[in-house]
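New notebook page. I want to look up a helix pair first, then some annotated positions.

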Amino acid sequence: MSFEWLSTISNIFIIVNVVLAFFILFFERKTASSAWAWILILFFIPILGFVLYLLFGKPLRRSRLNRPVAYENRDFTDLKDRQLAEMKSRSFQPPAALEEKWMDIVQMNAARTDAPLSTAADIQIFNDGKRKFDALFDDIRAASKHIHLQYFILNDDDLGQALLALLTEKAQQGVKVLVLYDDLGSSSLPKHFFDAFHGAGGKSAAFLPAMLTSINPRLNHRNHRKLVVIDGRVGYTGGFNVGDEYIGKKKEFGYWRDTHLRIEGQAVHSLQNRFFIDWNQAAEKYPMKYAETYFPKMDHPSGVPMQLVASGPLETHEDIKNGYLKMIHHARESIYLQTPYFIPDKSIMDALRTAALGGVDVQLMIPHLADHLFVHSATLSFARELLEDGVKVYSYQNGFLHAKTLVVDRQAFSVGSANMDVRSFALNFELNAFVYDAGSAQEMADLFLQDRKLCVELTEADFKKQHWIEKAKQDIAKLVSPIL
């Protein structure tokens, strides 16, 4: 009797696996490599594989998010539509600082995303957490109208508490303060964390919160963006989250090397537009409506040309990845790439390979420390493969490297929240700045070369000396990389 019961259970799981595999292949929008990776997992570890799929593999339905109700900024939409029409008719007059070679990237981003070409009257690059948060706190203290703040991780530690105390103080002064955080990334927040803030009039919202319990089963489709908008005139975006580790106060990570931008000028409107959309998708009780005070007129429309490009799992194209590809294909002299997680798809690998084989100086910087061991093994496997084609690979030794930067020919660069991996390209909500300016691109290149002094160069000989167990770990991690 017991054997019949076991046979019945086994047959049920086989049927479920077949149905799920069929569903993955024919009804879900996945790449072939991702689909086959899930099918292999389902059939080799059927019970655990089914659970893993529920945690990591389920697609995001539009109905899971609130509609961006009651928000329509016609000026912003008209600007993008007008620019795109002029680009297609070849009548567009770009800013003087924008070189013609970048116009195809600009047009692609304008056509695919809410990313009109805009300018920053001032742009500051931060590669140190303490400096970034000192500047942010100063700007928050100076706020007079509104503060819109969005982070993937907001921790209940010294930095998180100090930030919330300052935001609470500004709310008490009558400044409108909104805080948007990711429910999973900020899962350590206690229930009482926002009590005083809410009491002062501030509002907060969690992105994709757990539906039934405090444990959030949706590990993918997180809002990984980091942005702040103050009075519609000052904006921040980049890689830093809010937590003590990001200012080097966690021993296990040591110094935290990241990159963030502070922006003034017209480009801040793109950050504001993105915050409005994300807030309305998360905050059902407090939808935001357009008002001119959120998008103040700028006195200096000229400046550094840039686009703020967002991507996410609801889109049909991997827009940030496509921006990376366009930039890489434009390279003629150098490509400097920093990323904590390097799990690229074939298109990125081929682009970097062909650039290096064609004589471009391609340099990849990855962390020596690993915050996710399996992901780090996959990173090393892909890095090892690129060495064969002349790409130089550097392992950052001075703490943890979390920067997500791409600098091409010292003329243009991208900084943001997106890692060079499948998760950032297709599964999470990300935001990157694409900046077309030789002056700030040179500054980014100089920062890369300074970081290189704190690195060890990895060579093919280093990988050949590795123990076979380490090589096996890397190969296994690479095999399942399409779903990492």
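Before the helices, a note on handedness: I call a crossing left-handed if the near helix is turned anticlockwise from the far one by less than a right angle, and right-handed if clockwise. By that rule α11 passes α12 in a right-handed crossing.

What I'm working with: this is a predicted model, where local features need pLDDT of at least 70, side-chain atom pairs count only at pLDDT 80 or more, and totals for chains, interfaces and linings use all residues. Residues are numbered from 1 along each chain as its sequence is written, and side-chain values use heavy atoms, with hydrogens and water left out.

**Helix pair.** I found α11 at residues 346-357 and α12 at residues 373-387, packed at about 30° with axes 10 Å apart. Helices here are DSSP runs (H or I, at least four residues), as are strands (E, at least two). Axes are lines fitted to C-alpha atoms, over the stretch in contact for helices, and angles run from 0 to 180 degrees between N-to-C directions. The two are therefore roughly parallel (angles under 35 degrees).

Which residues meet? Met349, Leu352 and Arg353 in α11 meet Phe382, Glu385 and Leu386 in α12 (heavy atoms within 4.5 Å).

I checked UniProt: an unreviewed entry lists His402 under "active site", among other residues. Such annotations may be inferred rather than shown by experiment. I located His402 in the loop between β14 (400-401) and β15 (405-408). Buried or exposed? His402 is buried, at 5% relative accessible area (buried is under 20%, exposed over 50%, partly exposed in between, with a 1.4 Å probe and protein chains only). Its contacts beyond four places in sequence include Trp256, Asp258 and Tyr341.

Technical notes:
Parallel < 35°, antiparallel > 145°, perpendicular 65-115°, else oblique.
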